[in-house]
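Hi,

Here's the structure I said I'd pass on.

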Amino acid sequence: MPIDFTLAPTPPMGFNTWNRFGMDISEALIDETMDALVSTGLAELGYVHLNIDDGWMAPERSAAGALVPDPQRFPGGIKRLADRAHGMGLKLGLYSDCGRKTCGGLPASYGHERQDADTFARWGIDYLKHDWCHVPFEDFPGASEREVAQILYGRMSDALVATGRPVVLSMCSWGHGEPWEWARGVGHLWRTTPDIMDTYHRDAHRGTQDMLAIFERNVVLDPFAGPGGFNDPDMLEVGNGGMTAVEYRTHFALWCMMAAPLLLGCDLRGVSAETLAIVGNRQLIAINQDPLGQQARRVWQEGGVHVLAKPLADGGQAVAVFNQTDGAKDTAPQEHVSAAGPAIDVWTGARERVGPVHLEPHQAKVWRVAAG
Ligand code: GLA
């Protein structure tokens, strides 16, 4: 059964508990984060999904085999949170896994897909992130990881559609099984990379998971993104403290250019003005949420400088130039794009033309360019 593509015409925006809180989550955290989404103005900017990641379930299913919320951490249950979210104009998301257990070792949906989808629908869930730990490959002798992913994500997709409730499905196989090649129509988002770490590129041991490595893996997948299905290079780290302000601006700008889901991952209770100024940048949000739903194409790269171009519905485009290196660079992006129209620098608001630019280390400059 096909999914409802209209549930993600543009990349979903909101918050997810994992990057900042891991398994250490509670009902109070969710209530307070809902309040913060509204009081900071982030909800009004489009950040409406509040997604609870791993750690919400009790260690055992009920006698009837159903998933139940952890009675200590979520004493009021999930339905109360969903009802409250809806009353505030927000949406509530939950997390499960294709295997027997979640990555954190809690019960997951293998063999319970119908039952769990029904539970989620009954509670009023709007979004499901479905992970890829503890998958019983031994039950699929001879099948490749890709084939098993197609079967198991297909089962949950069908189960959610069968409930009749509109639920966004976020597939999280970390790029295993090349989901971009087949997941359109199964889920609305598919992770393309391992888990992001809150670091730019300093730690050699994290060479596959720093922001730069994640960008590199995802940026080449632009042909696969479009309304109803997007590449997911993982959630935002802006505000968590591991990168400089320049690096966080770059992280956010690149994710907006790549039509990535914008899921905030910092503590929103007491979020700083600096973080809000980054993730609240209206020009970048508009570029991310552009109705054409296209992911930027990398049109040029040399010596650690990248030029990306993202076509926009008004006939214009967004152009980004990014210096990944540790030294300043002078570069001429206008040589690699045809972007002659009037442009606005999304960070400074300056009205100018796409032209020669001096970039500090790790800096990205983005213009919104009118049709020329
Ligand atoms: C995996 C996912 C993460 C997070 C954790 C939870 O690592 O990729 O995004 O959901 O599991 O345990």
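The chain splits into domain 1 (5–288) and domain 2 (297–369), with bounds that come from an automatic or database domain assignment. Bear in mind that this is a predicted model, where local features need pLDDT of at least 70, side-chain atom pairs count only at pLDDT 80 or more, and totals for chains, interfaces and linings use all residues. Residues are numbered from 1 along each chain as its sequence is written, and side-chain values use heavy atoms, with hydrogens and water left out.

The C-alpha centres of the two domains are 29 Å apart. Their contact (heavy atoms within 4.5 Å) takes 24 residues from domain 1 and 23 residues from domain 2.

Now the ligand. Its shell (residues with a heavy atom within 4 Å of it) includes Trp18, Tyr95, Cys103, Lys129, Trp174 and Arg191. By class, the shell has 5 nonpolar, 1 polar and 6 charged residues. Ligand oxygens sit 2.7 Å from a side-chain N or O atom of Asp53, 2.7 Å from one of Lys129 and 2.5 Å from one of Asp195. On its own the ligand exposes 300 Å², and the protein buries 93% of that (Shrake-Rupley areas, 1.4 Å probe).

Then the packing. A nonpolar core here is a set of buried Ala, Val, Leu, Ile, Met, Phe, Trp, Tyr and Cys residues joined through side-chain atoms within 4.5 Å, buried being under 20% relative accessible area (1.4 Å probe, protein chains only). The largest has 95 residues, and Tyr47, Trp56, Leu92, Phe252 and Trp255 touch the most other members. A second, separate core of 13 residues includes Val337 and Trp367. Among the residues Trp56 touches, leaving out those up to four places away in sequence, are Ile25, Phe74, Tyr95 and Trp123.

Cheers

Methods:
Buried means under 20% relative accessible area, exposed over 50%, partly exposed in between (1.4 Å probe, protein chains only). A polar contact is a pair of N or O atoms within 3.5 Å; within protein, one must be able to donate a hydrogen and the other to accept it, and residues adjacent in sequence count only if both atoms are side-chain atoms. Ala, Val, Leu, Ile, Met, Phe, Trp, Tyr, Cys and Pro count as nonpolar, Asp, Glu, Lys and Arg as charged, and the others, Gly among them, as polar.
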